[in-house]
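Please open the model in your viewer and keep the selection panel at hand.

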Amino acid sequence: MWFDPNDLLAFARGTGFQLALIVFLLGVTLRFVEVYALGRPRDLSTPRPRVGSGWRTLFRRSVPDAMTFRRSGVTFTVGYVFHIGLFATLFLFRPHILLFQDVTGLWWPGLPSPLIDAIAVATLIALAITALSRLLHPVKRFLSGFGDWLALAATALPVLTGYLAYHHLALPYTLMLALHILSVEFLLVVLPFTKLMHMFTLFISRWLNGETFARRGVAS
Amino acid sequence: MSRDESLLEFLKQRGITRRGFLKFCAATASLMALPPSMAQGVAAALAQARRPSVIWLSFQECTGCTEALTRSHAPSIEDLIFEAISLDYHHTLQAASGQGAERAREQAMREFHGRYLLLVDGSIPVKDGGVYSTIAGMSNLDMLREAAQGAAAVVSIGTCAAYGGLPHAAPNPTGAAAVADIITDRPVVNIPGCPPIPTVITGVLAHYLTFGRLPELDALGRPKVFYGDTIHDRCYRRPFYDQGKFAHSFDDEGARNGWCLYELGCKGPTTYNACATTKWNAGTSFPIQSGHGCIGCSEPNFWDAGGLYKPLSTPYAGVGPAAAGAIAAGAVTGAAISLHNRRKRTRARAEHQRATVKDLEK
Amino acid sequence: MGLDDIGVHVVHGGGNGNGRALLNEVARLLEKLLQTGEGGSIDLAGMPLSGEDYDLLDDVLGEGEVHAEVTALGATEVIEAGVPGVWWITHYNAAEEVMAEFIEVAFCPEILQSPPEDVKEGLEALRARLLEEHLSG
């Protein structure tokens, strides 16, 4: 008859979500099993006694040293802003908590919507600067491939559509909400197969590095 | 009552004075969501308006739409507008029955060919040649097609006529279809709702009386003047949504404070209707005001769109088994790939040859 | 049993801020009335007001000196607010249900003024009556 945004929303909240979740969980499990099964080479050095080094490294590597920060301060700053922003908008926005509660049964308190709104704006600006710097910086541009742009787009779209939907901008809310959910589903689908997998592997590998180095006596 | 008299003459006959007429026009302008300054224009137009002939066909429906319209106490504004039209056929309301009733319909169709308004409530079953609903031995499908031919415009009243409604819900055993699915060569206005707000039904009729044409429609065939905003946009609880103040259950403090019902499954943000402004029962209240979320009854397929109490941000269907299956499948695939990798590595190791300087010199 | 006997506990959530916005609009219309002689009208049906916002309007505008009732197509209540020039107009139908409600900003609301056509008709009727008296007298 006519295009009805409700149908798109119904798909996004129904079959689309199921499919995306299946691909996401399948992909993440697959990658984890695969990475774990790679194994690690046997360490032949005498282990040095040093407890908790992995955890210390986890923290210390997350703080930039002065030299590196001076060299690429923008990358660090916007990187921090959008990572924290993504965490807050994803996990501390009330409607999102409802989603997690619905799927997992777990509930936690959220932040006030106007605060999330401000964080979303900061996140969008940080993501835009990230994209610009990738485009304008000759070295970064040289190093950027399809996977990098895909990851950036897949991350930015949910924030952008979510912001527009919340404020009822650009398109009718129903359609924008459907697009927002679909963009998240796209993110779920590509996440396990792009560098976005670092969401899960980053802290594990950082911890492992710390432990390994401590064992060899070069712990931070 | 002569059919050719103007509305003002008709109202005068009913003992309505100029002040009464002014009041009528102010209320009508309010009804059509026009600014109060337009009341004068409405008065001028309505004074001249001719009473149109109306044929009302009821198909697969529950008569709730007609009930909603006729249950308002007399002489309300709805009532006056409803009486201002010349209702020539409505099989629930008319006194005549059987062949006499059908003759009245045929006569009106002949006499006012090309000029009458056709009002329809209920969906039309089209499966198996439309045998699932008939009137006087005639299928709804045939009756609609025949009556639409001479209609100036068709008004689909209620979600059933507008979008198929409850009969269209999965698995749709009768092949229920909307009026606009069948009638494509006449202007069709949709007034969805289950039931639609009575004042919106009469508001559309008043618009037709006042301006002699149909109001501007949105992408789903609804008059923008009544369906231009979402319930959420016009809800008096909207500021609480913006402030992040929500009721988490129907009996918590948030609910008692009258905070936003989003988390309790309110479909206000995706529902276009006038409930929040026009309200129900002579402006008394509307569902959200009485503490229940909007169920989205003026949107197509609202009954198939997940539970009434599921928040808009949550998925429709349970994902537990699918998630467990996905994780299991991921583990198995991952194991298979790892096994393959390990074999490859073992094979590579087995085929590994030490090269000496001599080999390189070859 | 009256409404008061039902155990309803009314909680005050503080309104949603739209009452204040509407009062500002009333102030703007009053200013316009003083400057141009023409005020304006606000249709309360289209306003998303909570019960408390409504009470706020009631409190701030208050009740003034004039209280009139028009009987035409049911009753219409015309009350001048405590702020002169602001009128509450409530149109009821014969069943005493509210048909429409307006805040009108004017020196005298339109519904209280006699329509010129009625005045003309009234004058003709009066002249005819006088003539009749004169002839018979």
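The model shown here is predicted.

Begin by selecting residues 146-166 of chain A, helix α9, together with residues 173-190 of chain A, helix α10. These two helices pack at an angle of about 155 degrees, and their axes are 8 Å apart. α9(A) and α10(A) are therefore roughly antiparallel to each other. The crossing in which α9(A) passes α10(A) is left-handed.

Now select the whole of chain A. Chain A has 11 helices and zero strands. Its C-alpha atoms fill a box of roughly 75 × 40 × 35 Å along the principal axes. Of its 220 residues, 30% count as buried.

Finally, bring chain B into view and turn to the interface. Here 37 residues of chain B are in contact with 35 residues of chain A. On chain B, select α9 (179-182) and α16 (320-350), each of which supplies at least two residues of the side that touches chain A. α16(B) gives the most to that side, with 12 residues. Coloured by class, the side of chain B that touches chain A shows 22 nonpolar, 11 polar and four charged residues.

Definitions and conventions:
Residues numbered from 1 in each chain as written. Chains lettered and ligands numbered in written order. Predicted model: local features only at pLDDT ≥ 70, side-chain atom pairs only at ≥ 80, totals over all residues. Contact = placed C-beta atoms within 7 Å. Helix = DSSP H or I, 4+ residues; strand = E, 2+ residues; numbered from the N terminus. Nonpolar A, V, L, I, M, F, W, Y, C, P; charged D, E, K, R; others polar. Buried ≥ 20, exposed ≤ 12 C-beta atoms within 10 Å, placed from the backbone. Axes fitted to C-alpha atoms, helices over the stretch in contact; angles between N-to-C directions. Parallel < 35°, antiparallel > 145°, perpendicular 65-115°, else oblique. Left-handed = near helix turned anticlockwise from the far one by under 90°.
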